[in-house]
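Trainee: Please give me one close look at the packing in this model. Go step by step, and keep it plain.

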Amino acid sequence: MTESSGEVLYLVVCAAGAAADVGRLVGLAQEEGWIVQIVATPSALDFIDVAALERQTGRPVRSRYRKPYEPKPPRADAIVVAPATYNTINKFAQGIADTYALGVLAEAPGLGIPVVVLPFVNSALAARTPYRRSVADLRADGVRVVLGAGGSEPYPWERALAELGGRKRTP
């Protein structure tokens, strides 16, 4: 797939149990014609099969800012954060950009890039005021947060694409 053959979907992956199955969302997105760029939080690297995802996407998994001599990745047309952890959701809402993944997320609403967040948060953390406030703040910024995704098995990967409109892309 060439860079101009479809829209680019950044898939931000956090360190949660469902991350091991993120290849499923990659496949679903590719079936819709998306070019998928995986952006992993540093902790997520221990939860995913980096080599398998790089083979599946044909692109390097990004987890750090690029060096000046490295090529720029294509700009995202949309971003999905899945699985999204308590930590990432709260930092995203506060505008904290202390990792590459959070830097990408911090800019997205201001650039008008659609963002969908599928939380992977247990009920104790989801009941906390900081989390509820973060969800409200993200929604106020136009971010689509899909509640009820965190405790379900299997993880609802399909919901992420449905929130982006579920329309077929032209490969």
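Mentor: Start with one term. A helix axis here is a line fitted to C-alpha atoms over the stretch in contact, and the angle between two axes runs from 0 to 180 degrees, taken between N-to-C directions. Two packed helices are described by that angle and by the distance between the axes. Keep in mind that this is a predicted model.

Begin with helix H3, residues 86-94, and helix H6, residues 129-140. Their axes lie 9 Å apart, at an angle of about 50 degrees. Roughly parallel would need an angle under 35 degrees, and roughly perpendicular starts at 65. H3 and H6 are therefore oblique to each other. Their crossing is left-handed.

Which residues make this contact? From H3 come Tyr86, Ile89, Asn90, Phe92, Ala93 and Gln94. From H6 come Pro130, Tyr131, Ser134, Asp137 and Leu138. Sort the residues of the H3 and H6 contact by class: 7 are nonpolar, 3 are polar and 1 is charged.

Pick out Asn90. This residue sits in helix H3. Is Asn90 buried or exposed? Its relative accessible area is 14%, and the cut-off for buried is under 20%, so Asn90 is buried. Leave out residues up to four places away in sequence, and Asn90 touches Pro130, Tyr131 and Ser134.

Thr88, Lys91 and Phe92 of H3 meet Leu102, Leu105, Ala106 and Pro109 of H4. Counted by class, the H3 and H4 contact has 5 nonpolar residues, 1 polar and 1 charged.

One detail from strand S3, residues 78-84. Pro83 lies in this strand. The peptide bond from Ala82 to Pro83 is cis, with omega near -10 degrees.

Now another helix pair. Helix H1 covers residues 23-31, and helix H2 covers residues 50-57. They pack at an angle of about 5 degrees, with axes 11 Å apart. That makes H1 roughly parallel to H2. Gly23, Val26, Gly27 and Gln30 of H1 meet Leu53, Gln56 and Thr57 of H2. This H1 and H2 contact has 2 nonpolar residues, 5 polar and no charged ones.

Two of those names lead us on to Ile38. Ile38 is in strand S2, residues 35-40. At 1% relative accessibility, Ile38 counts as buried. What does Ile38 touch, beyond residues up to four places away in sequence? Its contacts are Leu11, Val13, Val26, Thr57, Pro60, Val61 and Arg62. Val26 belongs to H1 and Thr57 to H2. Ile38 and Thr57 are 19 residues apart along the chain, yet their C-alpha atoms are separated by 8.1 Å.

Follow Arg62 next. Where is Arg62 found? Arg62 sits in the loop between H2 and S3. With 12% relative accessibility, Arg62 counts as buried. Setting aside neighbours within four places in sequence, Arg62 is in contact with Gln37, Ile38, Val39, Ala40, Pro73 and Tyr100. Take Ala40: it is 22 residues from Arg62 in sequence, but 6.1 Å away in space, C-alpha to C-alpha. The side chain of Arg62 makes a polar contact with the side chain of Tyr100, at 3.2 Å. A polar atom of the Arg62 side chain also lies 3.5 Å from the backbone oxygen of Arg64.

Finish with Arg59. This residue is in the loop between H2 and S3 too. Arg59 counts as buried, at 13% relative accessibility. The Arg59 side chain makes a polar contact with the side chain of Gln37, at 2.7 Å. Gln37 is also among the contacts of Arg62.

Conventions:
Residues are numbered from 1 along each chain as its sequence is written. This is a predicted model: local features need pLDDT of at least 70, side-chain atom pairs count only at pLDDT 80 or more; totals for chains, interfaces and linings use all residues. Side-chain values use heavy atoms; hydrogens and water are left out. Helices (H or I, at least four residues) and strands (E, at least two) are DSSP runs, numbered from the N terminus. Angles under 35 degrees count as roughly parallel, over 145 as roughly antiparallel, 65 to 115 as roughly perpendicular and the rest as oblique. A crossing is left-handed if the near helix is turned anticlockwise from the far one by less than a right angle, and right-handed if clockwise. Contact means heavy atoms within 4.5 Å. Ala, Val, Leu, Ile, Met, Phe, Trp, Tyr, Cys and Pro count as nonpolar, Asp, Glu, Lys and Arg as charged, and the others, Gly among them, as polar. Buried means under 20% relative accessible area, exposed over 50%, partly exposed in between (1.4 Å probe, protein chains only). A polar contact is a pair of N or O atoms within 3.5 Å; within protein, one must be able to donate a hydrogen and the other to accept it, and residues adjacent in sequence count only if both atoms are side-chain atoms.
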